[in-house]
Amino acid sequence: MMSKTRSACLLLALLTSITSATPTVGWPFDEQLPDVARVGESYSFTISSETYQDSDSDVQYSTSNLPSWLKFDSSSLTFSGTPETSDVTDSQDFQLIGKDSSGNILNETYSIVVSSNPGPYVKDPVSSQLSSLDSPTEHHYQLGVSSTLIV
Ligand SMILES: *[C@@H]1O[C@H](CO)[C@@H](O)[C@H](O)[C@H]1NC(C)=O
């Protein structure tokens, strides 16, 4: 039969292993694009609640060293702000901190780019691209109301 002391020790060991789980990276922020903000355009990005994972509690998120134009709302997990020309940078580091209910912390550094270049845009409308497809063998393309290409 197990002594009371021994079972208390086992219980303590068990509790220790349960509460010592620290948050780990689940889905890295830098794989959840976009991490590029553009001058004069509002940037808004909501991270996944699975960015950091903890086996036994929810993770509370916070940040440190965010650039002044960028704010983080810890309830909606949303980064937002509008950078100006003076904020242009190839790489601005900040920390995304995840804390579990026992106070264990995961403090990872990520970076965000602020570009003064405009974002990607449609250079040639689909209609002009289609007309350039005309060939001697005569293909007919019809654009439906929903702009679906029917061949
Ligand atoms: C996270 O790390 C950064 C940079 O090393 C540091 O400035 C910040 O105080 C840390 N935050 C916490 C909560 O540990």
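Tutor: Of the contacts in the protein chain with a separation of 6 or more, 65% are between residues 24 or more positions apart. Two residues are in contact if their C-beta atoms, placed from the backbone, lie within 7 Å.

Student: What kind of model is this, and how are the residues numbered?

Tutor: This is a predicted model, in which local features need pLDDT of at least 70 and side-chain atom pairs count only at pLDDT 80 or more, while totals for chains, interfaces and linings use all residues. Residues are numbered from 1 along each chain as its sequence is written.

Student: What is the average pLDDT of the protein chain?

Tutor: The average is 78, and 66% of the residues score at least 70. The pLDDT is the predictor's confidence in each residue, from 0 to 100.

Student: Where does pLDDT stay under 50?

Tutor: It stays under 50 over residues 8-18, for which the model has one contact beyond four places in sequence. Residues 139-151 also have a pLDDT below 50, and that stretch has seven contacts beyond near neighbours in sequence. Where pLDDT is low, the predicted coordinates should not be read in detail.

Student: Next topic: how many helices and strands are there?

Tutor: The protein chain has two helices and 11 strands. Both kinds of element are DSSP runs, numbered from the N terminus: helices are H or I with at least four residues, and strands are E with at least two. From the N terminus on, the order is α-β-β-β-β-β-β-β-β-β-α-β-β.

Student: Which order do the strands take in the sheet of four?

Tutor: The order in this open sheet is S2-S9-S8-S5, with mixed pairing. Two strands pair if DSSP finds at least two bridges between them. Strand S2 (36-38) and strand S5 (60-64) each have a single partner strand, so one side of each is left without a neighbour in the sheet.

Student: How many bridges join S5 to S8?

Tutor: Five bridges join S5 to strand S8 (residues 89-99), and the two run antiparallel. Tyrosine 61 stands opposite glycine 98 in S8.

Student: What about the sheet of three strands?

Tutor: That open sheet has the order S3-S7-S6, with antiparallel pairing. Strand S3 (43-46) and S6 are its edge strands, each pairing on one side only. Four bridges join S3 to S7, and tyrosine 43 stands opposite glycine 81 in S7.

Student: Which residues make up the largest nonpolar core?

Tutor: The six residues are Phe29, Tyr52, Val59, Tyr61, Leu96 and Leu106. A nonpolar core is a set of buried Ala, Val, Leu, Ile, Met, Phe, Trp, Tyr and Cys residues joined through C-beta atoms within 7 Å. A residue is buried if 20 or more other C-beta atoms lie within 10 Å of its own, exposed if 12 or fewer, and partly exposed in between, with C-beta atoms placed from the backbone. Buried residues make up 13% of the 151 residues in the protein chain.

Student: And which residues does leucine 106 contact?

Tutor: Leaving aside neighbours within four places in sequence, leucine 106 is in contact with Thr22, Pro23, Thr24, Tyr52 and Gly98.

Student: Is aspartate 56 buried or exposed?

Tutor: Aspartate 56 counts as exposed because it has 12 C-beta neighbours inside 10 Å. Its place is in the loop between strand S4 (52-53) and S5. The C-alpha atoms of aspartate 56 and aspartate 100 are separated by 8.3 Å, although the two are 44 residues apart along the chain.
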